[in-house]
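Visitor: I am new to this structure. Please take one part and show it to me closely.

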Amino acid sequence: MRPDHPEPDHPSGQARWWETLVSALVFLVGAGLAVGAVDIPSEAGYGGVGANFLPWVVALALMACGAVLLWEARTGGYREMEVGPGDAGPDWRGFVWVSAGLLLNAALIERIGFILSCALAYVLAVQGLKRAFGKPHRTWVVDIATGLAIAAPVYWLFTKFLAINLPGLTAGGWI
């Protein structure tokens with residue numbers, strides 16, 4: 001350890017338990033993605049890589065991050081982690097907002113199209129994160145505009161440039 005960074009205080013038993021749980025879950029998500037990547041065909045496509053390349057990269061990266069986090073959690077706790085505002089417990093309201101965004105995106109993408117469902121997911125996630133950090137959450141218009149400004153070019157790039165079919169609101173239109 002460098003002299004300008006003294007050894008951190010050891011976390012409480014409860015903090016160490018949560019850190020271990022989060023670390024193990026990150027590793028297990030990576031392992032689950034690896035199990036799913038086994039079923040994706042590996043025939044080389046454009047650029048010489050198959051459809052399973054990116055899922056394998058993400059799975060291995062998550063498993064590596066989970067392993068490092070687990071080692072950190074078990075050998076003294078997450079190091080150099082900033083202390084967040086408020087208590088150390090999870091913010092369940094923020095979790096509900098972000099989860100609602102993900103679930104509504106999955107449920108509505110076929111009905112209202114990629115752009116609107118992804119913008120909705122963005123808005124709900126941002127609102128949840130703002131609430132979790134105690135930030136003002138009165139900027140709905142800015143969040144909606146930002147979500148649309150991100151989702152629309154992504155939709156266009158995937159459908160027009162990469163020729164990947166994404167659900168749209170109209171049969172041949174942009175939305």
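**A pair of packed helices**

Guide: Helix 4 (residues 114–132) and helix 5 (residues 140–161) pack at an angle of about 140°, with their axes 8 Å apart. Axes are lines fitted to C-alpha atoms, for helices over the stretch in contact, and angles run from 0 to 180 degrees between N-to-C directions. Helices are DSSP runs (H or I, at least four residues), numbered from the N terminus. This is a predicted model: local features need pLDDT of at least 70, side-chain atom pairs count only at pLDDT 80 or more, and totals for chains, interfaces and linings use all residues. Residues are numbered from 1 along each chain as its sequence is written, and side-chain values use heavy atoms, with hydrogens and water left out.

Helix 4 and helix 5 are therefore oblique to each other. Oblique covers the angles left over once those under 35 degrees (roughly parallel), over 145 (roughly antiparallel) and 65 to 115 (roughly perpendicular) are set aside.

Now the contact itself. Contact means heavy atoms within 4.5 Å. Helix 4 brings residues including Phe-114, Tyr-122 and Arg-131. Helix 5 meets them with residues including Trp-140, Asp-143 and Tyr-155. The residues of this contact divide into 16 nonpolar, three polar and three charged. Ala, Val, Leu, Ile, Met, Phe, Trp, Tyr, Cys and Pro count as nonpolar, Asp, Glu, Lys and Arg as charged, and the others, Gly among them, as polar.

Leu-120 also lies in helix 4. Leu-120 counts as partly exposed because its relative accessibility is 29%, between buried (under 20%) and exposed (over 50%), with a 1.4 Å probe and protein chains only. Leu-120 touches Leu-104 and Leu-108, not counting residues up to four places away in sequence.

Key. Helices (H or I, at least four residues) and strands (E, at least two) are DSSP runs, numbered from the N terminus.
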